[in-house]
Amino acid sequence: MGNADIGLIGLGTMGQALALNIAEKGFDIAVFNRTTAVTQDFAAEAGDLAARITPTESLEDLIAALKTPRMILLMVPAGKVVDQQIEALLPLLSPDDLLIDAGNSDFHDTNRRNAELPVQFLGIGVSGGEEGARHGPSIMGGGSRANWNRAAPILTAIAADYQGQPCADWMGEAGAGHFVKTVHNGIEYADMQLIAEVYGVMRDGLGMDAAAIAQVFERWNDGALKSYLVEITAKVAAAEDSATGGPVLDVIADIAGQKGTGRWTAIEAQHLGAPIPVIDAAVTARNISALKDRRTDLQEIFGPGPQPIAGQPDMDLLEQALTCGKILCYDQGFGMIAAASRDFGWSLNSAAIARVWRAGCIIRSAMLDDMAGALEDQPGRPLMAAPFFVDWLTKTQDALRRVVSLAVLHGIAVPAHSAALAYFDAMRTERGTANMLQGQRDYFGRHGFVRLDDGSEDQHGPWAG
Ligand SMILES: NC(=O)C1=CN([C@@H]2O[C@H](COP(=O)(O)OP(=O)(O)OC[C@H]3O[C@@H](n4cnc5c(N)ncnc54)[C@H](OP(=O)(O)O)[C@@H]3O)[C@@H](O)[C@H]2O)C=CC1
Ligand SMILES: O=C(CO)[C@H](O)[C@H](O)COP(=O)(O)O
């Protein structure tokens, strides 16, 4: 039996940063990577922390380096790689040993692994990118409470700290942690898309250059929108390209990558019947961004969409529209979490989730603390019905309406803002238009409808013949 408190497999961007973080917090860690040279370089560059790190070159050596019962964290790409890695480990493990999958796994896979594996298992969502992993990520745990309690001393020690509280918590059984991380990433996509749309209005509608745009986002980061994403937006906009001397932004191709978690959120929301149109719009916007050739062709046919907006730029209007869109996007994310909690029997605690997202993760923001408070005060109620957010939505909805109108009239695509506004209007409309859908369904398929006047079900209209 070895001395290491935990093992880590996968010394990529996240694995290396997590391993150093774990060592820095005083835990002995043994590490293994498929490519041995990476392990050797990592150990050689670990500096003062090297004393707490045991580099190993085979899974057998890794296992031998660990205290029993063992705890091993996997930080490898999601999907087949996780299954293959687990398969390779299983013959070396005992039933009490605990495997922790810390990558961005599909929560359905985590449900399956949790049910099937002959060892202990946790699926945890880790957010914060490389910097977060190194100095304090946000951690969303899923699996049995007992297994969480086993890993919690290490996971809470390495997590981000929000005013003395660790941003690491148990979300629920089985795949609950990876589910919450998936929704986190869906919100991340939406938050980023809302920001990118405001950038588009500034650049294409108002003719602002990257430096001016950077200054606006920097200022906004002192207000209601204070957040990591707004902070880095200002930095991205301000950065200079060494080759051209111009803004880096101007040389970055307008084609967004995506590894799939935003798409998973959109797909899962459809299964749950949970409306998340801002997240859907953000995923679709990334898909459209990838159709560069088609966009180039169509611009030649129709001419460019965006036209200059005349008049004085009103940055306050944009700030309020972005704030309004953001609140509505989070309302949708927490609505989806509530739907999953009901359907999967997970008892997900929305306020606790908001608390875990307050620091360390990519979507961390000042507003998440207000959200945690609002969700705590009114469990089971939508975020947008909480008095604090009712005030915000009341005072910013007009700006959202005006920015969407201006953008639409000037050919600037703002799908996430438009989706947020349509959601707001639809959600506060008691008498919607689905009576027409029901009439159509009954007309062509005798699907039946409910009568409003007496509540009778499976009624049919007078269209037979
Ligand atoms: N990057 C980020 O910001 C974040 C990433 N994540 C998630 O963390 C996980 C790791 O991401 P990241 O560190 O960025 O990825 P990297 O690509 O930087 O590293 C991948 C690691 O997995 C190992 N690996 C790849 N394929 C295999 C395989 N077939 N068998 C064994 N080992 C393999 C690589 O080893 P080798 O050196 O041999 O190639 C490497 O150590 C992913 O699930 C990702 O989605 C989560 C939050 C944030
Ligand atoms: O999980 C993350 C942040 O929270 C990862 O950075 C993830 O890769 C981001 O998603 P995508 O690559 O699809 O933009």
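This is a predicted model: local features need pLDDT of at least 70, side-chain atom pairs count only at pLDDT 80 or more; totals for chains, interfaces and linings use all residues.
Among contacts in the protein between residues at least 6 apart in sequence, 68% join residues at least 24 apart.

Start with the whole chain. The protein has 19 helices and ten strands. Its radius of gyration is 25 Å, close to the 23 Å that the globule rule gives for 465 residues, so the protein is as compact as a globular protein of that length. Taken along the principal axes, the C-alpha atoms fill a box of roughly 75 × 65 × 45 Å. How much of the protein is buried? Of its 465 residues, 48% count as buried. Here a residue is buried if 20 or more other C-beta atoms lie within 10 Å of its own.

Is strand E10 mostly covered or mostly open? E10 spans residues 168-172 and is mostly covered. Five of its five residues are buried. Next, look at its pairing. Strand E7, residues 138-143, runs parallel to E10. Four bridges join the two strands. One residue pair can be picked out by name: Ile 139 has Ala 168, in E10, as its bridge partner.

Move on along the sequence. UniProt, in an unreviewed entry, places the feature "domain: 6-phosphogluconate dehydrogenase C-terminal" at residues 177-464. What is the make-up of this span? Residues 177-464 are 64% helix and 0% strand. The end C-alpha atoms of the span lie 51 Å apart.

Notes
Residues are numbered from 1 along each chain as its sequence is written. Chains are lettered from A and ligands numbered from 1 in the order in which they are written. A residue is buried if 20 or more other C-beta atoms lie within 10 Å of its own, exposed if 12 or fewer, and partly exposed in between; C-beta atoms are placed from the backbone. Two strands pair if DSSP finds at least two bridges between them. UniProt positions are given in the numbering used here, feature names are shortened, and annotations may be inferred rather than shown by experiment. The radius of gyration is taken over C-alpha atoms; the globule rule is 2.2 Å times the number of residues to the power 0.38. Two residues are in contact if their C-beta atoms, placed from the backbone, lie within 7 Å.
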